[in-house]
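Notebook open, viewer open. I want to jot down what I look up as I go through this one.

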Amino acid sequence: MEVTPETVAAAVHGFSAVRGHGTLPNLLAFGRALKQLGVKISLGQVIDSSRSMDLVDIAEKEDFRALLRANLISQKEDFPVFDMAFDCFWREQGYERVPMETLDIQGTPTESQAQEGGDEEGLEEAFAETPAQESVELENLDELSIPTYSAQELLNRKDFSEMSVEESRAIARAILLIATKIATQISRRKKHARKGAMVDPRWTMRKNIKYGGDIVDLVNRKRRIKKTKVVLLCDVSGSMDCYSRFLIQFMYGLQNELWGVETFVFSTSLSRITHLIRTKDIGNALEQISGSILGWSGGTNIGRSLQTFNRNFAPAMVTSRTIVVIISDGWDRGDVSLLERQMQDLKRRCKKVIWLNPLLASENYEPLCKGMQAALPYIDLFLSVHNLNSLVALGHTLQKMVA
Amino acid sequence: MTGSNSKITYSEAGVNPKQLTIDEVQEILLKEQYVCDRSLATVVYLSLAMGKPLLLEGEAGVGKTEIAKVLAKVLNAKLIRLQCYEGLDANTALYEWNYPKQMLRIKLEEVQKGDKRVVETEIFNQDYLLKRPLLEAIISEDENPPVLLIDEIDRADVEFEAFLLEVLSDFQITIPEIGTIQAKHRPYVFLTSNRTREIHDALKRRCLYHWIEYPTFEKEYEIISTKFPEVAPNMAKQICAFMQRVREMNFYKRPGVAETLDWATALIALNRKGLDDNTVVETMGCVFKYREDLHHLREQIEGKQLNLDALLRSSPELRS
């Protein structure tokens, strides 16, 4: 999470008025400030911090920092935010109020803040809200929702109304229906797979104790359901974004039956949008994505986007059971050899790479462009997704892979 | 390694973890050749003092598992290890009735015409219980609470995490036939994760958290000279400078401290006093485990992009 010192200072200042005397009110205020900055914190963690306060000498600033960090933060991505907020909040030894008069909190976000927006949540709201007036109540803290990001990221803002509204609604509904149908088919297949498995001797004995140890009932070993995870990498540059949009909708409908769907969009750079889709209904989420993602419908650099993915996300998300679905026309403006290397890397990590290319639908299409050619050797399945039928076909293909 | 546990004996009496200071934690770990920086020592200290589980994350081979092992040793506590894997379930982690033994008992009583009710109660006592790591940690009667190491929690399924949450919040286990067993002394719990997936927030909230970074040049040097005093200072510096450099480079799998130590062991066995291009290429199997990475490294060395002499010259000056 990228946060500027200004946004942190503002969030901290917002809660400075509710700081009181004593440890707990201060910790609560600090916790709320962090929460405002998008860090997930529970009341329990704050209380535990306060309980452990007498375990270290809080005059030792670094020990105190380690204490709060271990208690309040649970992923390393939040360390930078924490450190900044910590320095800002506990600027003075003891619990004196931080002199904030010097900060211009009424001002609008500066340009640099607007630009670093990206997929951050809550930073903008840190200015809008005036939490200083609220009183600190313990119950409130857990309910404090993280304000949603409403970025005014105007760069290359794409207007969805270009499509006929009726049309896209009808398709969206159809997509959801089909996805649900396929999803239930998947779970039914799993049920059948459970039967006819091997006998489990241990449980057979357990069950037959009531018959004095004579084997009457056999117990079958249940086959563990191994759910597959899908990672979706969607090209949203130029003509690709309407296809990507329907694909995301489709995968979203399927995701309950999968281990989970991680969704990324890329053009010149890569952004993770899973959290946006999770918290909103799909229409709103996509609306928001097109508003907030830098370079939506701009040029494409597939190689670099894949590199970002491989470096930052793949180690945590991609295992030998993950299916990676890429949707792109393969027109790459970047370094083709980089694309090839990254495809090779990706292929090695995951179970299957599916590449969806809408252009494949036209009969004359041959994957001649350099990017597509570089990627082809590392693709397990090369499919088209240009209409509803091809989406259904994709669903069935996935179904076979998952079952 | 799966689900197994081992008892490490320690000749001296264990230290009382509640009475340690941060400095002492650092010191006793160092005595067992575990070099840790102050922030890690603070977190370990807090975990011991608060009795709160500690979740350690970091790249592979930075010493996440090792710290639990070393702690068990210095506290003179039993180390109970639960190695997580996909499909790990409550039966393997908690307890299971020893059905074959129960069955034999029943058969025996049938022959001897024993009292049915007596048998019924007897086959459900602790003698017929197979204790898996979690139960073992809770049921332990040792004076020193055991160290419970739940290794690579990210490999277990999400369902198991939910189950673990229950155990870690109350430190009690209910067995229908016996009743609820409450831990006499809370075990010291360490969880490690390689981050192949995110751990659920609910579990994270129950734990203190620390991310172990790759060591700095100085720290890595300290680790080598602590573990292998026989390595010449100059070569130790070379090794560290080399490792620091390759971690910045674009390899598929970046090497951790475990690899550094393997490499140092190999170099000692080969009786080398310093690094040169040939030595590096010959022994690189200790550091890189992928063909592409080995290939990439050879290219870098042959192309002089990775120059050992230059590396050593540019390596930071060591304090003392």
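Which residues in helix 3 of chain A meet which residues in helix 4 of chain A? I looked this up before anything else, keeping in mind that the model is predicted.

**Entry: helices 3 and 4, chain A**

From helix 3 of chain A I listed Gln45(A), Val46(A), Asp48(A), Ser49(A) and Ser52(A); they meet Leu67(A), Leu68(A), Asn71(A) and Leu72(A) in helix 4 of chain A. By type, the residues of this contact split into 4 nonpolar, 4 polar and 1 charged.

**Entry: helices 14 and 15, chain A**

I then went to helix 14 (residues 302-317) and helix 15 (residues 336-349) of chain A, whose axes come within 8 Å and cross at roughly 30°. Helix 14 and helix 15 of chain A are therefore roughly parallel to each other, and helix 14 passes helix 15 in a left-handed crossing. Among the residues on the helix 14 side of chain A I wrote down Ile302(A), Leu306(A), Phe309(A) and Ala314(A); those on the helix 15 side include Leu338(A), Met343(A), Asp345(A) and Arg349(A). The tally for the contact is 9 nonpolar, 4 polar and 3 charged.

**Entry: the sheet in chain B**

Over to chain B, where I found 5 strands forming an open sheet with parallel pairing, in the order 2-5-8-1-9. Strand 2 (79-83) and strand 9 (208-212) of chain B are the edges, each pairing on one side only. The twist averages 20° from one strand to the next. I zoomed in on strand 1 (residues 54-58) and strand 8 (residues 188-193) of chain B: they run parallel and are joined by 4 bridges. I picked out one partner pair there, Leu56(B) with Thr192(B) in strand 8.

**Entry: chain B against chain A**

Chain B puts 42 residues into the contact and chain A puts in 40 residues. I also checked who supplies the area on the chain B side: Tyr99(B), Tyr209(B) and Tyr252(B) give 18% of what chain B buries against chain A, more than any other three residues.

How values were computed:
Residues are numbered from 1 along each chain as its sequence is written. Chains are lettered from A and ligands numbered from 1 in the order in which they are written. This is a predicted model: local features need pLDDT of at least 70, side-chain atom pairs count only at pLDDT 80 or more; totals for chains, interfaces and linings use all residues. Side-chain values use heavy atoms; hydrogens and water are left out. Two strands pair if DSSP finds at least two bridges between them. Helices (H or I, at least four residues) and strands (E, at least two) are DSSP runs, numbered from the N terminus. Axes are lines fitted to C-alpha atoms, for helices over the stretch in contact, and angles run from 0 to 180 degrees between N-to-C directions. Contact means heavy atoms within 4.5 Å. Ala, Val, Leu, Ile, Met, Phe, Trp, Tyr, Cys and Pro count as nonpolar, Asp, Glu, Lys and Arg as charged, and the others, Gly among them, as polar. Buried area is the accessible area (1.4 Å probe) that two parts lose on being put together, summed over both. Angles under 35 degrees count as roughly parallel, over 145 as roughly antiparallel, 65 to 115 as roughly perpendicular and the rest as oblique. A crossing is left-handed if the near helix is turned anticlockwise from the far one by less than a right angle, and right-handed if clockwise.
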